[in-house]
Amino acid sequence: MGKAGRDWGQIYSIYGVDDWQTPIFLLIYAIFFSILSVIFLVYFEPICYFFHHFLPGPSSARFAAGFTGSVTALSAVCLFYAAGNIFYSSVSLHWEMAQRMVNAVGDWSSVKHALDLGCGRGILLNAVALQLKKSGSSGRVVGLHPTPTCSLSTLRTAGIEGVQEYVTCRSGDPRKLPFSDNYFDVVASAAFVHTVGKEFGQKTAVAAAERMRVLGEVVRVLKPGGVGVVWDLVHAPEYVKRLQELKMEDIRVSERVTAFMVNSHVIVFNKPSQHFVGPNEVRLDWRLNNLC
């Protein structure tokens, strides 16, 4: 799980929570509904009397008061769960999944160039860097994120982890990666690809096309024989289908993991090694214009 003796408190203190407003917002509402449900329980009879002014008969009033109190209590439980799951998914689960993704790559000692697509504050990025350091590799990992402001916080966490010499950060468009073809031995991405195109609506054809464009770019910059590892939410089936269309090899999908209140999976694949083209064969071309 990373460095020996590390606990979740240390991990949260290093990486923090990117979208802390969401769990706080949910927690406030959960507390509000909890208080409301306690009020229904303690003052049930007066509330029944209040409902009796609007409903015929005492039994109807009691049913309405009991039903409303039950829904309020259930809402509080759901909101507490949602807040906890999002808070857990943001750092603790993210760290655990980063370790799984790192372990999906067989030999890090031969890795010279790795890419973390959508590096955020550097949880996966630093996990890769720690593995490179542990394996004695002279390789480096590049963290790419759409927003340039992310680089400072990412490099800060790399410094705390003691892997700053293994890490480089840069901003760029994930739909048109600023790297040459066949450059990286490993390309990894954690809970990022699904965010591309979200401005068009997650379920729209345009958003799906944007995600497929990112996946095509991942394949383009990956070396023949390289390994791709993608942990993402909801859209795993469409990723697998696209990778099959791109003739990727050894595609593996992990078991379902609940993250940010939805299903997520880790997808691991290998890019086929180049080979000599026979008279009845066509060489695959990974350039961007053939992937979109």
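Predicted model: local features only at pLDDT ≥ 70, side-chain atom pairs only at ≥ 80, totals over all residues.
## Basis of the model

Residues are numbered from 1 along each chain as its sequence is written. Local features need pLDDT of at least 70 and side-chain atom pairs count only at pLDDT 80 or more, while totals for chains, interfaces and linings use all residues; side-chain values use heavy atoms, without hydrogens and water.

## Annotated spans

An unreviewed UniProt entry lists residues 24-51 and 63-83 as "transmembrane region"; such annotations may be inferred rather than shown by experiment. Residues 24-51 are 96% helix and 0% strand, with end C-alpha atoms 33 Å apart. Residues 63-83 are 100% helix and 0% strand, and their end C-alpha atoms lie 30 Å apart. Helices (H or I, at least four residues) and strands (E, at least two) are DSSP runs, numbered from the N terminus.

## Helices α7 and α8

The axes of α7 (residues 205-221) and α8 (residues 236-245) come within 10 Å and cross at roughly 50°. Axes are lines fitted to C-alpha atoms, for helices over the stretch in contact, and angles run from 0 to 180 degrees between N-to-C directions. The two helices are therefore oblique to each other, a class left after roughly parallel (under 35 degrees), roughly antiparallel (over 145) and roughly perpendicular (65 to 115).

## Salt bridges

The structure holds ten salt bridges, each a side-chain nitrogen of Lys or Arg within 4 Å of a carboxyl oxygen of Asp or Glu. In one of them, Arg100 pairs with Glu255, the closest N and O atoms being 2.8 Å apart. Arg100 belongs to helix α4 (residues 58-103) and Glu255 to the loop between β6 (249-253) and β7 (257-259), so that this pair links distant parts of the chain, 155 residues apart.
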